[in-house]
Amino acid sequence: MGGDAPLVRERLRELSGPELYRRNAFRITGASTCAARRALVRRRQQIATAAKAGVAVGFGDARPDDLRTAFEVLDHPQRRIVDELFWLWDAPDASCPCEPELHRQHDEAVRAHARALDGELRGPGESQRPADGRPRPAGGKKGAAGGKKGAAGGRKRPGKRPVPRRPGGATRDELWQSAARLWLKLLGQRAVWAHLRHRVAALDDKRLTEAAVTVLEAEVRRVLVSAVAGLAARTEDPARLARYCAQWKWTGRGLLGEELESQLTPLYESAAGELREAGDRLAGVPDGGGKTAATAVAATLRARVVPVVERLGAFAGFGMSLGVGQLVDTTALLLNNCAVALSPASDSAPPDRESFGLLDLALRLRPYEETRRTIEQNRARLEEAGVWFSTARPAFDPVVAALERAARQLDRRDARGAADTLEAALPSLHELRRLRRGAFAALPDVPQAVDRLCDSAAILLNNCALALGSRAGGRDLRLLELAEELCTTEESRARISANRLLVDHARQAGYGYGTPYPVRRPPRRSLRTRLEEIYYGESPVAAKVWTWVVVLLILGAVLVLS
C-alpha cells in the first residue's frame, strides 16, 4: 500500500482512545490545520518566546514535552494528515475547493465529540477546556505576554481562562448524540476524502501519498469507537456510557465489541481470579465455623468484584466474547453462600441483617434463572426466620411455657392448678390465632405450628375437665367448651365432643353441680300420668305390664276352651 501506511497506522494508534482530541497536535499547539511549514516555524518561535516570559500557551496546561512532541508530529506529513482529519478545517488560510458546508459539518462533529470526551475526562476540580481550536495569546501585547508590572511589583499572572458554555446549553447526552449523528453523516460523504486528497497534494511532500487517505478511510471508524470504548473501564456510570456506546453501533457491531473487549479484558480476568480465590476460601471452612470467613469474603466481593461485574454487565450486549453471564452467575452464587453462612438454619438466633443485603445484591446482578430461584428461596427462608424471632417467638414462648407447666401439674394430679394455668394463657392463644390469619398467613410453617399448639391446649383442657369431674361444680363443662373451641383436628374434636355429651347427659340426669349452668331435673308425675305412660308404652315398666296382660289373656282363653 506504500510507505505511508505504517506511520499513518502508528499515529492512529497513538490517537486512539478517549484522549483522541486532547493528543491532537493542532489542538495542543493552536496551529491551523492548513498552516504551511513557515507558519508552523513562526508558531513554534512564538511559543518559545512566551515560555521564556512565563506565559502558558497552547492547549490547556500543555507541558514543554507535549509541545515538542506535537511539533514533531506536524513535521512528519504522514502523521500530520491523521491529526488534520480529527481537527478543525474551517480556517482563514484554507485553500481547498471544498464547499463551506462540508467544513462546517466536519467541525461540528469534531467540536461535539471533543466536548463530549472532555466532559468524561475532566477531573472534579478541572474547568472546561475549549475545543474550538483558538490559540491562546503568545505574547506581543503587554496584557497578553505579561511585561506589565502588577501592584506587588512582580510579573502579572495571566488571568484565568473563562469557561466556555456548551452551545445552546447542550447536555452531555445531547453532545454524545450529536457527535455520533454528525460523524455518521460526515463519513457518508465522498467529499471528506476528496478534501484529504487535496491536503496531500497541498502539503507537497514526497513522503506522503494518497495511500494515507486510503488507510484513514479504512481505520477512522475504529478510532472513533475506541474513544467511547476507552471510557468503559474508567467511567463512574457504566450504564450511562453503555447508552453512548449504543449510539455508535453504526460503525459495526463487531468493531464496537472488539474495542470494548480489549478495554475490559483485564477487569474480567481480575474479577475471575478474585472469584476463584473467594470460592476456595469459603469452601475450605468447616461447617459451623464459616461466619468469620463469610464476612471477609463478602467484603471482598462487595469492594472488588461486584463493581467490576456490574461494569462488565452494562456492556455485555455489544458482542464481546467474554463470559460475562457466567461471571455474573458465579458472583451471585458466592454472595448467596456468604449470606447462608452468616445466617445458618437455627432457632437459636435471628438472621443477620447483612444476609438480606447480600441476597438483594445477588438478585440485583440478574443471575441465571436457576440461581435466581435458589437465592429467592433462601431469602424467603430468612424472612420467615426474621418474622419468627421478631413476632412469632415472643407470642409462642409464653403459650408453650404455659402448656408445659399445665402438663407437669396434671402429672402431679393438680388438675385445678393446670386449669388455672391454661385459662391464664387463653388471651395469648387467641392472639396467636389472630396472627395466624394475618402476619403468619404467608409463612410456610408457622400457621401449622399455631394449629398444633391450639390442639395441644384443647387436649390439656379436656384432660383437666375429666380430672376435675363433678367436684369442679360445673367447671368441667366450661373447660370442655373452651377445648372444643380451640381444637384443630377432627380426632381431638370428636373426642372432646363425646366427653362434653357425657357430662351434659350426667347433668340432665339430675346430678347437682352447684353451677350457674341450668340443670334440668325430671318433674314430679301424678298417678294418672304414670298410668298413661304405661298404657301408651312410654314408661320403662310398660313392656312388663303389657307382657303380663297378654300372658293372662292367653291362660284365660285356654281355661275357657278346655
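**Figure 1. V110 is buried, at 0% relative accessible area.** This is a close-up from a predicted model. V110 sits in helix α6, which spans residues 100-121. Neighbours within four places in sequence aside, V110 touches Y21, F86, W87, L88 and W183. A179 lies 69 residues from V110 along the chain. The C-alpha atoms of V110 and A179 are separated by 7.4 Å.

**Figure 2. The whole protein is built with 23 helices and zero strands.** The protein has 562 residues, and buried residues make up 42% of them. Take the contacts between residues at least 6 apart in sequence: 72% of them join residues at least 24 apart.

**Figure 3. Helices α9 and α10 cross at roughly 145 degrees.** Helix α9 covers residues 190-203, and helix α10 covers residues 211-229. Their axes come within 10 Å. The crossing of α9 past α10 is right-handed. From α9, the contact residues are W193, L196, R197 and V200. From α10, they are V213, L216, E217 and V220. By class, this contact has six nonpolar and two charged residues, with no polar ones.

**Figure 4. D204 lies in the loop between α9 and α10.** D204 has a positive phi of about 50 degrees, yet it is not a glycine. Most residues other than glycine have a negative phi. D204 is exposed because its relative accessibility is 67%, over the 50% cut-off.

**Figure 5. R413 is a further non-glycine residue with a positive phi, here about 65 degrees.** R413 belongs to the loop between α16 and α17. Helix α16 runs over residues 369-411, and α17 over residues 415-424. The relative accessible area of R413 is 80%, so R413 counts as exposed.

**Figure 6. F318 is buried in the loop between α13 and α14.** The relative accessible area of F318 is 6%. That value is under the 20% cut-off, so F318 counts as buried. Leaving aside neighbours within four places in sequence, F318 is in contact with A242, C245, A246, K249, R253, L256, G257 and L260.

**Figure 7. G317 occupies the loop between α13 and α14.** Helix α13 spans residues 291-314. G317 has a relative accessible area of 46% and is partly exposed. The reason is that 46% falls between the 20% and 50% cut-offs. G317 and A242 are 75 residues apart in sequence. Their C-alpha atoms are 9.2 Å apart in space. A242 is also among the contacts of F318.

**Figure 8. V306 is a buried residue of helix α13.** Its relative accessibility is 3%. Neighbours within four places in sequence are again set aside. V306 is then in contact with L301, T331, L335, L361, R364 and L365. V306 and T331 are 25 residues apart in sequence. From C-alpha to C-alpha, V306 and T331 are 7.4 Å apart in space.

**Figure 9. N336 is buried, with a relative accessible area of 3%.** N336 lies in helix α14, residues 324-342. Not counting residues up to four places away in sequence, N336 touches L359, T374, I375 and N378.

**Figure 10. Residues 545-561 carry a "transmembrane region" annotation in UniProt.** The annotation comes from an unreviewed entry. In the predicted model, this span is 100% helix and 0% strand. The end C-alpha atoms of residues 545-561 lie 25 Å apart.

Notes:
Residues numbered from 1 in each chain as written. Predicted model: local features only at pLDDT ≥ 70, side-chain atom pairs only at ≥ 80, totals over all residues. Heavy atoms only, no water. UniProt positions renumbered as here; feature names shortened; annotations may be inferred. Helix = DSSP H or I, 4+ residues; strand = E, 2+ residues; numbered from the N terminus. Axes fitted to C-alpha atoms, helices over the stretch in contact; angles between N-to-C directions. Left-handed = near helix turned anticlockwise from the far one by under 90°. Contact = heavy atoms within 4.5 Å. Nonpolar A, V, L, I, M, F, W, Y, C, P; charged D, E, K, R; others polar. Buried < 20%, exposed > 50% of the residue type's maximum accessible area, 1.4 Å probe, protein only.
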